[in-house]
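Subject: Structure handover

Hello,

Here is the structure to look through. Please open it beside this email, and read my notes after it.

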Amino acid sequence: MTSSPALSVTGAVHQLDSSVIHQVWDNSIPPRLEIDPGDTVVIKCRDAGNGYYTWDSKAADVLLRVAKGHPLSGPIRVRGAKPGDVLQVEILDLVPGELGFTQFRPGRGLLADDFAEPYLKIWDLRNGESAEFKPGIRVPLEPFLGVMGVALDEPGEFVTAPPRKNGGNFDVKQVTAGSTLYLPIWVEGALFSCGDGHAAQGDGEVCITAIETSMTATLRFNLRRDFSLEEPEFITGGPLSPKTNTAPYYATMGIAPDLMEATKKAVRKALSYLEREHGLTREEAYALASVAVDLKVSEVVDAPNWVVSAFVPLSIFHA
């Protein structure tokens, strides 16, 4: 796919706050806003914790929270959109909030059985460019929305956690400002919603959270009828992860006949590296891997074993 044809730049600009949210996919939810193709919407999004965490939150608070699904802003109805069309979403700007959090609890995440206690990191994002994990370790901010999607064509409520053909919680960190997302439309009006702001994330989001934060997203919407899709696709605005791809990487390999097992092996080895070379606790290493370490499928053709690599960006470490 090549870049888009000439787009409307004269459409209206709308505002959508987060005073009303929904936490399931359900095509019967009435739209909060109706727009024309070519219009831009400035959307306020709550964080994935729905405002639960504060500057004073502690690890014990992780176990007290009951998750109810991602709080999503929307739906936005696009006039003229119909099933079979493609919704083109240009990501013009993304501004994270001041507070971020990374957390995990026993039984969740890629290494669900490796940790017996909850963990919480509260991040100060007010610098705007990077956030300190601990002295000597700073993670550049490359904000994106973990959830962007349209309504499904099946009736009823669907939880927001798994990604689907409508988009949803795909957590692709490269869909950031400057990128364009293409979503197949399944219902009249498309009914677009978004949320789950991330200030930074590693490919894989291994502990189950990134740097979670509120987000103000400026998005421009158009309809495409010159091609069709079964699932989302996107084009980036430039090179991948330009803020962390500035120095060497330390990479670990997981080799196994199952890709998930290979992934777990690669991540565990990356955690051991972070403990050994950078003095982190196992819990700190897991959280840092979730927000900064990139997983790559390195090889899938030499049966019976496949290779997954975990790339640690050394640019985040400072003397």
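**Overall picture**

The protein exposes about 13,900 Å², and carbon and sulfur atoms supply 53% of that area. Accessible areas come from the Shrake-Rupley method with a 1.4 Å probe, and for residues only the protein chains shown count as cover.

Some ground rules. This is a predicted model: local features need pLDDT of at least 70, and side-chain atom pairs count only at pLDDT 80 or more, while totals for chains, interfaces and linings use all residues. Residues are numbered from 1 along each chain as its sequence is written, and side-chain values use heavy atoms, with hydrogens and water left out.

Now the fold. The protein has 3 helices and 17 strands. Both are DSSP runs, numbered from the N terminus: helices (H or I) have at least four residues and strands (E) at least two.

The C-alpha atoms fill a box of roughly 55 × 50 × 35 Å along the principal axes. The radius of gyration is 20 Å, which agrees with the value near 20 Å for a compact globule of 319 residues. That radius is taken over C-alpha atoms, and the globule rule is 2.2 Å times the number of residues to the power 0.38.

Of the 319 residues, 51% count as buried. Buried means under 20% relative accessible area, exposed means over 50%, and partly exposed is in between (1.4 Å probe, protein chains only). Among contacts with a separation of 6 or more, 78% join residues 24 or more positions apart. A contact means heavy atoms within 4.5 Å.

**The largest pocket**

Rolling a probe the size of a water molecule over the atoms shows where empty space is left. The search uses a 1 Å grid over the protein atoms alone. A cavity is a set of points where a 1.4 Å probe fits but cannot get out. A pocket is an open set with protein on both sides within 12 Å along at least five of seven lines. Lining residues have an atom within 4 Å of a point. Grid points are joined across faces, edges and corners, and a volume is the space filled by probe spheres set on the points.

The largest pocket holds about 560 Å³ of space. Its lining has 26 residues, and Ala 67, His 70, Arg 108, Ala 161 and Ile 208 lie nearest the centre. Strand E5 (86–104) and strand E12 (192–198) are the elements that give two or more residues to this lining. E5 gives the most, with 3 residues. By class, the lining has 9 nonpolar, 9 polar and 8 charged residues. Ala, Val, Leu, Ile, Met, Phe, Trp, Tyr, Cys and Pro count as nonpolar; Asp, Glu, Lys and Arg count as charged; the others, Gly among them, are polar.

**The cavities**

There are 2 cavities of 30 Å³ or more. The largest cavity holds about 70 Å³. Residues lining the largest cavity include Val 139, Glu 142, Lys 173 and Asp 294. Strand E8 (137–140) and helix H3 (282–292) are the elements that give two or more residues to that lining. The lining divides into 5 nonpolar, 2 polar and 3 charged residues.

The second largest cavity has a volume of about 40 Å³. Its lining includes His 22, Trp 25, Pro 75 and Leu 191. By class, that lining has 6 nonpolar, 3 polar and 1 charged residues.

**Backbone points to check**

Most residues other than glycine have a negative phi, and most peptide bonds are trans. Here are some exceptions.

- Pro 75 sits in strand E4 (residues 72–78). The peptide bond from Gly 74 to Pro 75 is cis, with omega near 0°.
- The bond from Ala 303 to Pro 304 is cis too, with omega near 10°. Pro 304 lies in the loop between strand E16 (294–299) and strand E17 (306–313).
- Asp 171 has a positive phi, near 55°. Asp 171 is buried, at 14% relative accessible area.
- Ile 208 has a positive phi of about 95°. Ile 208 is partly exposed, at 31%.

Asp 17 lies in the loop between strand E1 (13–16) and strand E2 (33–35). Leaving out residues up to four places away in sequence, Asp 17 touches Arg 32, Lys 44 and Ser 73.

Best wishes
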